[in-house]
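Please look over the structure shown here before reading on. The briefing that follows takes up a pocket, a sheet and the helices beside that sheet in turn.

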Amino acid sequence: MRSVMKRICLSLAVIAVLIFTGCGQKKTKDPITVTLWHVYGGQTESPLNDLIDQFNETIGKEENIWVQVGSVTNTNTIHENVLASAFGDPGASELPDMFVSYQKTVLAMPDDTVLVDYCDYFTKEELDEFIPAFLEEGVIHDRLSILPVAKSTEVMFVNKTAFDRFAKETGADIEDLRTWEGLFAMSEQYAEWTDNKTPKIPHDGKNFFVHDYHFNYFQVGVESLGENFFKGENLAFGPEFETAWEPYAKAALSGGVWLRSGYATEPLRTGDSIVSVASSASVLYYSDEVTYEDNTSEKIEIVAMPCPVFSTGEKMVMQRGAGICTVKSTPDKEKACITFLKWLTETRKNVEFVTSLGYMPVKQEAFDACLPEAIKELSDPMYVSLYQAFLDTQENYTFYTAPQLDSYLDLETRFEELVRKVLSVKRQQCINKPENIDKLVKETLADFKVAYTQ
C-alpha cells in the first residue's frame, strides 16, 4: 500500500512539474514584421535606420513589432521602384508595407486605393497637431494617403565669405536679398563687378545666383502676386507672369543668373555662384570649402535665409519633402505600421529625426516648443542658420502646395529646359549689344511663350 501511494505521489509530482514547466516555457509569439523603403541617408549610415533600431528595441519589443528596412535609395529610384511594383512589372519586388512617397508617385499608381487612409487610424485631435499645409499635400482623391514625417521647403543659401568681399567694395547689403527685386538687381551688379576685375578679359563676369527650380520661382511667385499660375492642365501666362519675368530675365541676360543644368550646390562649391535657392534638404550637400577653377581652395561660411519674395506679394514658399504611405494588408500589420508612424511623428522624436537631416518637423508644437531648444544643441553653424530660417519661414510664410495635375511633371520638365535655352541664346545677343537689354527681355518672353505652347 505504501508503495502504491508512493507511486501515485511521484506521478502527481511529475504531472505538476510538466504543467508548471509548460506554463513557464510558453512559446513566444513571432513579432509582426513590417518592411519600409525610404530615402533618408545611405544603406549603412542612416539617421532613420538608427531610429528604427531604437524603436525595435523599445516600443517594438513591447508591442511585438519589428520594422525592417528593405531599401534605402534616392527619390527618383524609389519613385520608379514603387511604380514598377504597383504595376506588377516583371522582376519587380512586391510593394513593402510602408514606403516614402511624393504626390507624383501616388498619382501615377494604377490604383491608389491599395494605400490606407490615415484618417481611419488617426483621430481628429491627433491630425490637428500637424501643420495643416503638410497634411493637405498628402490628401489625394479625398484620402490622406501620405503622412508627413519630415518636410522641406526652399531656402536661400549664401556664401557669406564671398558676399562680404563683394559688399565691402560695392556697399551691397545682404538684407536686399530678402526680395526678388533686390536679389536680381544685385545679380546684375555682381556680374559687372566680377567682369571689371579682369579688364583685359571681356565678358567673363560670374553668375551671382542659381535656382534649383526655375519653374518653382515662377509658380510660387505668380501665385504670391495673387494670380493663378495654372489654367486647367496648362499655364495661364497672365499679367503677373510678366511681372516675375522682367527682373529675372534682365539679370540672366546680364550674366548674373546661372542657366546651366544641374543642382544649385555645384556652382556654389566651385565659386561660380555665391547665392542659391534650393531645397532646404540640400544642406547635406553644401560644403564649407570652395574649390576654384585653378585648383585653389578657400574655407567659407554659408548662411541660410528665408526664400526671397516679391515686395508687392504675399510671403509664400514652396512646400517640399515626402511622406510615408502604408499599403493595405492585415489588421495586425496595418496597426504595426501606424504604431511606428505615430512614434516617429511624436513631437520630440520627430525633432530628433529631422534635425539630423536638415528637414522640418511636421507638428506645430515642434516649432513652438522643441525646435528652438534643439537649435541650441546643434554644433554646425550652417545647420543653426538653416533652422533659424525655418523658424522665420514657418512663422511668417504661407506654404504653397502644388496642384494635383496629370500634366504637372511634363509642364515642369518642358519649362525647365526651354527657359534656360531661350535665355542662354539671348544672353549671347546681349553680350554683343548690351544697350538692347530691355528690348531683349521682352523678346525672350515672347519667344518663350511661343516655344512653350507649341
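**Pocket, sheet and helices**

Helix 17 (residues 408-432) gives the largest share of the lining of the second largest pocket, namely 4 residues. The model is a predicted one, and the points below are grouped by topic.

**The second largest pocket**

- The space in the second largest pocket comes to about 380 Å³, and among the 16 residues that line it, Gly205, Asn207, Gly255, Arg260 and Arg427 are the closest to its centre.
- By class, the lining of this pocket is made up of 5 nonpolar, 6 polar and 5 charged residues.

- An open sheet with mixed pairing is formed by 5 strands, which follow the order 2-1-3-16-6.
- Strand 2 (65-72) and strand 6 (147-148) are at the edges and have a single partner strand each, so one side of each is left without a neighbour in the sheet.
- Strand 1 (residues 32-38) and strand 3 (residues 98-101) run parallel and are joined by 2 bridges; Leu36 has Met98 of strand 3 as its bridge partner.

**Helices against the sheet and each other**

- Helix 4 (residues 75-86) lies across strand 1 and strand 3, at about 130° to strand 1, whereas helix 13 lies across strand 1, strand 2, strand 3, strand 6 and strand 16 (323-326), at about 55° to strand 1.
- Helix 13 (residues 331-344) also packs with helix 2 (residues 47-57) at an angle of about 115°, the axes being 11 Å apart, and the crossing of the two is right-handed.
- In this contact, helix 2 contributes Leu48, Leu51, Ile52, Gln54 and Phe55, while helix 13 contributes Thr339, Phe340, Trp343 and Leu344; by class these are 7 nonpolar and 2 polar residues, with no charged ones.

Technical notes. Residues are numbered from 1 along each chain as its sequence is written. This is a predicted model: local features need pLDDT of at least 70, side-chain atom pairs count only at pLDDT 80 or more; totals for chains, interfaces and linings use all residues. Side-chain values use heavy atoms; hydrogens and water are left out. On a 1 Å grid over the protein atoms alone, a cavity is a set of points where a 1.4 Å probe fits but cannot get out, and a pocket is an open set with protein on both sides within 12 Å along at least five of seven lines; lining residues have an atom within 4 Å of a point. Grid points are joined across faces, edges and corners, and a volume is the space filled by probe spheres set on the points. Ala, Val, Leu, Ile, Met, Phe, Trp, Tyr, Cys and Pro count as nonpolar, Asp, Glu, Lys and Arg as charged, and the others, Gly among them, as polar. Axes are lines fitted to C-alpha atoms, for helices over the stretch in contact, and angles run from 0 to 180 degrees between N-to-C directions. A crossing is left-handed if the near helix is turned anticlockwise from the far one by less than a right angle, and right-handed if clockwise. Contact means heavy atoms within 4.5 Å. Two strands pair if DSSP finds at least two bridges between them.
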